[in-house]
Amino acid sequence: MKKILLIDHHRCVGCRNCEMICSLTHEGVCAPSLSRIRVARDEREGWNVPISCSMCERPACVMVCPVGAAQRDDETGLTLIDENRCIGCLQCVQACPFGHADFNPIRGVAFKCDRCGGDPQCAKFCWTGAITYETVESALEGRRQETARRTAAE
Amino acid sequence: MVSIVIVGNGAAGNRAAEIIRGYDPGAAITMVAREESPEYSACALPDYLSGWISREQLFIKQWSDYRKSNINIISGVNVARIDAGQKLLVTEQGDISYDRLILATGSRTFLPPVPGHDLPGNFAVKTVTDIDAIMAHRPQRAVVVGSGNIGVEMAASLKVRGCQVTLVEMRGQILPRIFDPESAGRIRGMLTTHGIRVFTGEELMAVSGCDRVEKVSTSQQVIACDTVVWAAGMKPEVEIASQAGIEIGELGAIKVDPFLQTNRPGIYACGDCIEAVDMLTGMPAQRMLWPNAKRQGEVAGLNCIGCQVAYEGAISLVTSEVFGVPVASMGLTAAALTGQPVQVVEGECQGSHWRLLLVDDRIMGMQAIGITAGLGAVMAMMKNRVLITDFRKIVSDPELAQRAAWYLPAGRFLNAG
Amino acid sequence: MNKHLQVEIDKCTGCGLCQLACAVNRSQQFNPSLARIKIHRIELQGLNVPSICQQCANPPCAAVCLMNVIKKDPATGITVPGHNSCIGCRACQLACPFEARTYDHIHDVMVNCDLCWGHPACVEICPTGALQYCDISSHLAAVRDAEAVKRTRVPDWERGQHG
């Protein structure tokens, strides 16, 4: 069953814990700029929206990668960047419609979310429950129940 | 401290040393080289012969560069054997112990066993000393045997030097491994208009002369000459490897796994001496080209210090300039694709000509004469195995085309057919 | 630090001023064929696509260079063509997916964009703002913020429900 990183921006308080744990897990430093999840802000409405990889079915980053470093594994549904092949040309960074793929200027490679190999630390460390890692089915079920509660309350 | 020994001072060996030094400033790197010169570009040797560049410009490194990056280089030394059990490299100047060994022994010119191939006036084309020898010989009438890209470039360079040049090729066309007969015919025309005599389908039978080369006999005729330049192929240098019990593949080169390790743990190999897989076919192949050697050196170096990097495969990429006209070949030729449904897309524009080979909607090879701009996109599509239908989808959709702008230059070649 | 020459294709009118500015600034010639920036025109769709060196961190052109002359400048990260020993073999042109290497037919060497060492003439002259020299991370932040607005925009019918 395909699991998705479900982000409920209604619950996000913008603490950026996810950015910290992500960069710590992947790069060994607490550096939000090296995080695979970034909290974007809708300043006017006052929302905090964590944005990570959507693991698209037809990913733009894979389409534009001229060296085949970005590849989608159809079995796991994950799109990963092979750092050994990445030439750091920034094509994926510019192509991602969500501004997700980012570039590490120190190591000279692009990076993106790899779902921590099946155990996303951002979801684990999100204390408000804004980020969860669950199957599509349970995510939909949650949404349905929420709608039901809301309808009943009216 | 890990001690790494690299045999060979060519493109692969030096790239391996550089990449190891980049990752591990503390590793002890020793290079053992047969040649008495710092790294130079073997690809530029014909340009040196023609006088296009000076001898100094050939050299990529100076001796001081090795010292600067703390690489111990022992040059002018032949390796006698490898003692894989003791992890020792036995040379004529003493033994060198290693923790990891990288073999980048390269290749040597293949000299067919024809009579007279050892007469003075016979030259190989491999090292800078070979070219020095040709220049000191002052050739007047030269026969170049073999018409690979080295043969063609040597013929053109000798012509520029004012020689009378004859090119002899055993097979039915020139550049048989990298060009299809149609494109090769055009290049042949360029050579003949500049006064190079080209004979194809003729085997060299003998070189004769009293105490030096005076003439060569082919299967068809006798050609008077004072110089014979051998460019009839290269053979990988595998003697010390095979003596050490390292497995040799069917093609006569060192067999390696995807991490470029030989069957002996701790011994890696890269460059001309290995049997790499072809990126497009996945079959073992020998692509003795500078870019492949450099990438293999990189991969071997990385694996040797513990990074797990699989080699993606070798690909043919040849460019050269024939009397001012650039010619380029990449990927496979129609002959290499025999048995598969090959679709040919040919085009011509302002004196340039190109030929694309498609199999199952994917680009498998391309040859171009007179044009090189935009070929990079084709190369990237070929390496990524992009379907032409996907390509057309991308370029016809403005939204996608803007995101993947680099695909667009390939359109000028693909839309012609 | 992480600045990048950004191209917004839909703003490009294909006027070619960037090519002239580049050729004048880098080769002292009014000759667009010497420009390090090229405009690829797709007549059918009316698209003008500038192609330029992407300043790859690990450039494929350097990986294939037969003379090992293409280097990354350690201080700025700019890909330096290294004219001194270039033999003009054009192998880099085959290796670069971005059509970013130009054959300088005056000096018989290959050249590429060096961002005019921090002050790109093409960006200065671009009349439409299709070429921008901007920080890649702030550009990404802007993309993400726009995405955030998209994701949080409450449809009117839902707004009504919440009262």
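Modeller: Before we start, a salt bridge here is a side-chain nitrogen of Lys or Arg within 4 Å of a carboxyl oxygen of Asp or Glu.

Biologist: Great, so how many salt bridges are there across the interface of chain C and chain A?

Modeller: The rule finds zero there. Keep in mind that this is a predicted model, where local features need pLDDT of at least 70, side-chain atom pairs count only at pLDDT 80 or more, and totals for chains, interfaces and linings use all residues. Residues are numbered from 1 along each chain as its sequence is written, chains are lettered from A and ligands numbered from 1 in the order written, and side-chain values use heavy atoms, with hydrogens and water left out.

Biologist: And how many salt bridges between chain C and chain B?

Modeller: Two. In a salt bridge between B:Glu321 and C:Arg90, the side chains meet at 3.2 Å, N to O.

Biologist: Which residues touch there, nonpolar or charged?

Modeller: The side of chain C that touches chain B has 18 nonpolar, seven polar and four charged residues. Nonpolar means Ala, Val, Leu, Ile, Met, Phe, Trp, Tyr, Cys and Pro; charged means Asp, Glu, Lys and Arg; the others, Gly among them, are polar.

Biologist: How many residues make the contact?

Modeller: Chain C gives 29 residues and chain B gives 39, with contact meaning heavy atoms within 4.5 Å.

Biologist: Back to chain A: how many residues are in contact there?

Modeller: 24 residues of chain C are in contact with 30 residues of chain A.
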